[in-house]
Amino acid sequence: MNNTFYNEVLTEHNLHPAHKYNLLDANLALEGLNPSCGDDIVVQLKINEDGIIEDGSFNGDGCAISQASADMMFDLIIGKTKEEAHHLADLFLKMIKDGLTEEELEELEEAASLQDISHMPSRVKCAVLGWRTMDELLEKEPGSTGGTVTTE
């Protein structure tokens, strides 16, 4: 991906996030915190009895990378099963840590534009905050709204 595309995607999701709001009928919520940057978000999910993510949102404050990454994540996971969302989180984290094949990158759609974050160690925690928070949240039982995930 080129820098122009990265900048356009990052800017669009940061300035006009589709999923940044309080999800009133969420049945799962978890706070994610990145103390090194000051990012503090709450990931909220509405998961039905079949394990499908019907809706999701985030709220809170953070840098452009954490906000855009979380927004892109929701574009991908809404409508997916919990297992599919876990798979996408695994791919995203693998992309940042080790890199992915072209096929794997395609699964991440726009979120793949953040692959070069791996070359900016101080920004990695920002990019993965929403993903790690969502991944941990999916392990909780519906109705769970407590706790905090901290990227370290």
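Me: Which residues of helix 2 are buried?
Reply: In this predicted model, the buried residues of helix 2 are Ile 65, Ser 66, Gln 67, Ala 68, Ser 69, Ala 70, Asp 71, Met 72, Met 73, Phe 74, Leu 76 and Ile 77, where buried means under 20% relative accessible area, exposed means over 50%, and partly exposed lies in between, using a 1.4 Å probe and protein chains only. That makes helix 2 mostly covered, with 12 of its 14 residues buried. Helices (H or I, at least four residues) and strands (E, at least two) are DSSP runs, numbered from the N terminus.

Me: What are the ground rules for numbering and confidence here?
Reply: Residues are numbered from 1 along each chain as its sequence is written, and side-chain values use heavy atoms, with hydrogens and water left out. Because the model is predicted, local features need pLDDT of at least 70 and side-chain atom pairs count only at pLDDT 80 or more, while totals for chains, interfaces and linings use all residues.

Me: Back to helix 2, how far does it reach from its first C-alpha to its last?
Reply: Helix 2 covers residues 64-77 and reaches 20 Å from its first C-alpha to its last, close to the 20 Å expected at 1.5 Å a residue; the expected span of a helix is 1.5 Å times one less than its number of residues. Helix 2 is followed by Gly 79, whose phi is positive, near 95°.

Me: And Ser 69, what is it in contact with?
Reply: Ser 69 lies in helix 2 and is buried, with a relative accessible area of 1%. Leaving aside its neighbours within four places in sequence, Ser 69 is in contact with Phe 92, Leu 114, Ala 127 and Trp 131, contact meaning heavy atoms within 4.5 Å.

Me: Which residue has a positive phi although it is not a glycine?
Reply: That is Glu 109, with a positive phi of about 50°, and Glu 109 is found in the loop between helix 4 and helix 5.

Me: Changing topic, how many salt bridges are there?
Reply: A search of the whole structure finds 3 salt bridges, a salt bridge being a side-chain nitrogen of Lys or Arg within 4 Å of a carboxyl oxygen of Asp or Glu. One of them pairs Lys 46 with Asp 25 at 3.0 Å, N to O, and this pair links distant parts of the chain, since Lys 46 is in strand 2 (residues 39-47) and Asp 25 is in the loop between helix 1 (3-15) and strand 1 (28-34), 21 residues apart.

Me: Are those two side chains buried or partly exposed?
Reply: Lys 46 counts as partly exposed at 25% relative accessibility, and Asp 25 is partly exposed too, with a relative accessible area of 42%.

Me: What about Glu 104, which residue does it pair with?
Reply: Glu 104 forms a salt bridge with Lys 94, the closest N and O atoms being 3.2 Å apart. Glu 104 lies in helix 4 (residues 102-107) and Lys 94 in helix 3 (residues 82-97), so the pair ties together parts that are 10 residues apart in sequence. Glu 104 is buried, with a relative accessible area of 17%, whereas Lys 94 is partly exposed at 35%.

Me: How many disulfides are there?
Reply: The count comes to 0 disulfides, a disulfide being a pair of cysteine sulfur atoms within 2.5 Å. Cys 63 is in no disulfide, and the nearest cysteine sulfur, that of Cys 126, is 3.6 Å away. Cys 63 counts as buried at 14% relative accessibility, and Cys 126 counts as buried at 1%.
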